[in-house]
Amino acid sequence: MQLQVLNSPFTQEQVELLNRLLPTLSETQKVWLSGYLAGSQLGTAAAQLTQIPAESPKISKEVTILYGSQTGNSKGLAKKSAQALEANGYQVTVSAMSDFKPNNLKKLQNLLIVASTHGEGDPPDNAISFHEFLYSKRAPKLEDLNFSVLALGDSSYEFFCQTGKDFDARLEELGGTRLYPRFDCDVDFDEPAAEWLQGVLSSLGEAQGQGSAQAPSQTAINQATESVYSRTNPFQAEVLENINLNGRGSNKETHHLEISLEGSGLTFEPGDALGIYPDNDQELVDLLIKELNLNPDEKVTVKQGDVRTLKDALASYYEVSILTKPLLQKAAELTGNKELQDLLAPGNEEEVKGYIYGRDLIDLVRDYGPWNVTAQEFVSILRKIPGRLYSIASSLAANPDEVHLTIGAVRYEAHGRSRNGVCSTLVADRINPGDVLNVYVQPNENFKLPQNSETPIIMIGPGTGVAPFRSFMQEREETGTEGKSWLFFGDQHFVTDFLYQIEWQKWLQNGTLTKLDVAFSRDSAEKVYVQHRMLENSKELFQWLQEGAAVYICGDEKHMAHDVHQTLITIIEKEGSMSRGEAEAYLANMQQQKRYQRDVY
Ligand SMILES: Cc1cc2nc3c(=O)[nH]c(=O)nc-3n(C[C@H](O)[C@H](O)[C@H](O)COP(=O)(O)OP(=O)(O)OC[C@H]3O[C@@H](n4cnc5c(N)ncnc54)[C@H](O)[C@@H]3O)c2cc1C
Ligand SMILES: NC(=O)c1ccc[n+]([C@@H]2O[C@H](COP(=O)([O-])OP(=O)(O)OC[C@H]3O[C@@H](n4cnc5c(N)ncnc54)[C@H](OP(=O)(O)O)[C@@H]3O)[C@@H](O)[C@H]2O)c1
Ligand SMILES: Cc1cc2nc3c(=O)[nH]c(=O)nc-3n(C[C@H](O)[C@H](O)[C@H](O)COP(=O)(O)O)c2cc1C
């Protein structure tokens, strides 16, 4: 094995020294060194040592890119990567993992994986079966495979980029050779993803014996695929309407927002989501600056060529409300605070999790000072505020140039302070008709109406989960679809929380909606949830499944989606006279056929 330096901050002398030392190392030591450098701070961006076979045999120019994506980011990056590779003369096949026949894995020589993580460290829906296959006994030996993994995630989750890590580790275990080290990307993934792609192109080029391949610049990649307005260039959209859907006395506050897309050229389909880049609450920002004892008008550079006052940067560029472990680590380094360093010591993972939960940057600054830092030093440890996604609640066919959303205000008490979700309470408290929001469309191919308009649909959407089903109904009404439809809706109280009640009743009357079952959880002594209504109707529900119905779940991921999933299996088991395993396989098969789709958060 030879080690080769790519994009490295090492001097040439250091590289030569390393390479001279290599023959004295055992294979295990070499693998360890390579892994260490890939996993170290250096490895995340600047320095990568890559293993290349000693004789650099030529490898095929065929590259397969498989993506596992729930909300479209990995899919978009997979497609961009394909374009860049094709521009460099590679023959590329791009596929969702769910559309790839795993038995073909053995035939591949070059495999790139782009995968996000969902749930609590779980693969996205369209990666589940491929993930299971790789970890099963049926997974083949892959000694001829070169691979590289781009992992997408969010460092505010405990199991950061877990699915990408799983694929990376498993492909190595099966004998594959890592063409280029895995990159783990946080929510602001464009730059690291472009860097990974350049690294992959260089490694492929080296292995071809061609020297480094020409990787297109990030801008070129973006231009090749994105329309004028996108996640990286949001549209400033005017708000047309903002109404609280809950009645007086409700525990909930769910806002129906209507936004104009006029002039943007943005389009979407039912099932897609809209991203909003929120501003932080100015009061919180002022408090934070006061705690830090900094000058709000001091200038900071947020990125090359973008200089703002500290106050503006904290209000509209940086995330100040959510703590993540990487942020705590950077803060510990910056402040040198011993207590914080102790908290972060190995073995304290649960304590760190406990500290992060329900706290924000103001808590961190108060708890672990003194922060004798400059404004620039302070912002350098923060990450860019990520956009918030909202399932679109309208159809373009019914409301041209408009997009409607259903946004539940997130408010809670924690550690002696009332706290507000950044985006949902911006909308609830401070956005009025005429105001402007920065938005982008996030397509979701995993939540789409059936192609055959006669296919029956079963929609399960408690709370804000009902949003995309309003879009489905509007679309079906506009297009005069014949297919049957059945909605299960639930919320706390019939009187105050029956979201869009009049519209569902109108659709029931005109036949757009065939059946409606509702579960108001707090109107009776015992809690009643949507899954109870499904069980009460289990015979008919199974009959719809046998007729080919597609099932959609939207809303809370942690409890509702899991419980409804189990209920579906119970119904299939009971009404189909199957074992639990057979019922699970029935549902998995529906998922494979895209007849079981989830949009959960
Ligand atoms: C694909 C998709 C579609 C979505 N569709 C919708 C939709 O249609 N409607 C909708 O309302 N939302 C939807 N969401 C959720 C939405 O994106 C936001 O996550 C939500 O509005 C909260 O954002 P925020 O900025 O208000 O809150 P944030 O500032 O992001 O705060 C939320 C965070 O606060 C913390 N938190 C919340 N409650 C507590 C508590 N009790 N104790 C301690 N900590 C707590 C948690 O860390 C939580 O992640 C969707 C999400 C996705 C991914
Ligand atoms: N990730 C985020 O930042 C974020 C932001 C906003 C919302 N969310 C999630 O999105 C969900 C949607 O919020 P929402 O306010 O519109 O609705 P919701 O809280 O999900 O409530 C809708 C209905 O579902 C019921 N419910 C509770 N647990 C259930 C279960 N296990 N199975 C089936 N139904 C259940 C509720 O009953 P009871 O309340 O009476 O138990 C209520 O009647 C929330 O649960 C929240 O967790 C997440
Ligand atoms: C409900 C939900 C759960 C998530 N869970 C995790 C997680 O456990 N670990 C992680 O690193 N990222 C997690 N993420 C963040 C996603 O991986 C991240 O947003 C990614 O960019 C999505 O890519 P995709 O659009 O290709 O699915 C989660 C996101 C959502 C909406």
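Predicted model: local features only at pLDDT ≥ 70, side-chain atom pairs only at ≥ 80, totals over all residues.
Which residues come nearest to ligand 1?

## The shell around ligand 1

Ligand 1 has 20 residues around it, and L389, Y390, T406, C423 and S424 come nearest. By class, the shell holds 10 nonpolar, 8 polar and 2 charged residues.

Three elements each supply at least two residues of this shell: strand β14 (388-391), strand β15 (402-408) and helix α16 (422-430).

## Polar contacts and burial

Both backbone and side-chain atoms feature here. At L389, a backbone N or O atom sits 2.6 Å from an oxygen atom of ligand 1. At T406, a polar backbone atom is 2.8 Å from a nitrogen atom of the ligand. The side chain of Y357 also takes part, with an N or O atom 3.2 Å from a nitrogen atom of ligand 1.

How much of ligand 1 does the protein bury? Taken alone, the ligand exposes 980 Å², and the protein buries 74% of that.

## Where α17 meets α19

Now for a pair of helices. Helix α17 (residues 467-479) and helix α19 (residues 501-510) have axes that come within 11 Å and cross at roughly 35 degrees. Their crossing is left-handed.

On the α17 side, the residues in contact are F469, R470, M473, Q474 and E477. They meet E503, W504, K506, W507 and N510 of α19. Sorted by class, this contact has 4 nonpolar, 2 polar and 4 charged residues.

How values were computed. Residues numbered from 1 in each chain as written. Chains lettered and ligands numbered in written order. Heavy atoms only, no water. Axes fitted to C-alpha atoms, helices over the stretch in contact; angles between N-to-C directions. Helix = DSSP H or I, 4+ residues; strand = E, 2+ residues; numbered from the N terminus. Left-handed = near helix turned anticlockwise from the far one by under 90°. Contact = heavy atoms within 4.5 Å. Nonpolar A, V, L, I, M, F, W, Y, C, P; charged D, E, K, R; others polar. Near = heavy atom within 4 Å. Polar contact = N/O pair within 3.5 Å; in protein donor to acceptor, adjacent residues only side chain to side chain. Areas by Shrake-Rupley, 256 points an atom, 1.4 Å probe, with all protein chains shown as cover.
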